[in-house]
Amino acid sequence: MIKRVWIIEDDPDIRDVIAFLLEEEGHEVRLFENATRFKAALTELQKPDLFLMDVMLPDGNGLELCEEVVKKDDLLRNIPIIIMSAHISLAKFEQSCSANDFIPKPFDINTLLEKVNKFLS
C-alpha cells in the first residue's frame, strides 16, 4: 500500500532531495514551500500518513503548525509528525512540540529514511 507523505520545507534543494528519496522508497509525496499552502491543503479529503515539517518557514513556524494546526484537529492529530531543523536542539524540540520525532539538519539520509519508514510501516 502506498503511503502519503506531506513535506513542508521552504528550501527547494532540501525539499527536492527528500521528495526524491521518499519517492524512490515508493511513497507518494506532496510538497509545500510555506505554511499558507500547507494549511490550504488540509481541507482536502485525502489526508497524508505522515507530515515531515521544517521549523523555519517564510510565513510561519513548523512547531506552531504542529501544535496549533495539526494536533488540535480531530481529523489530523493522530497523523505522525517529524520535525526537521538546523535552528533548534532536541531539548528545545521536546519542550515545545508534541511531534513524534525530530531530525536535526544537516541530516543523514539513512537516518531520515529510517525515521520516516518507522512511522509508515
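Analyst: A salt bridge is a side-chain nitrogen of Lys or Arg within 4 Å of a carboxyl oxygen of Asp or Glu. Side chains of opposite charge can pair when their charged atoms come close. The model is predicted, so local features need pLDDT of at least 70 and side-chain atom pairs count only at pLDDT 80 or more, while totals for chains, interfaces and linings use all residues. Residues are numbered from 1 along each chain as its sequence is written, and side-chain values use heavy atoms, with hydrogens and water left out.

User: How many salt bridges does this rule give?

Analyst: The count is eight. In one of them, Lys105 pairs with Glu9, with the closest N and O atoms 2.6 Å apart. This pair links distant parts of the chain, 96 residues apart: Lys105 is in the loop between strand S7 (101-104) and helix H5 (109-120), and Glu9 in the loop between strand S1 (4-8) and helix H1 (12-24). Helices (H or I, at least four residues) and strands (E, at least two) are DSSP runs, numbered from the N terminus.

User: Are Lys105 and Glu9 buried or exposed?

Analyst: Buried means under 20% relative accessible area, exposed over 50%, and partly exposed in between (1.4 Å probe, protein chains only). Both Lys105 and Glu9 are buried.

User: Which parts does the salt bridge of Asp101 with Lys115 tie together?

Analyst: The closest N and O atoms of Asp101 and Lys115 are 3.0 Å apart. Asp101 lies in strand S7 and Lys115 in helix H5, so the pair ties together parts 14 residues apart in sequence. Asp101 has a relative accessible area of 13% and is therefore buried.
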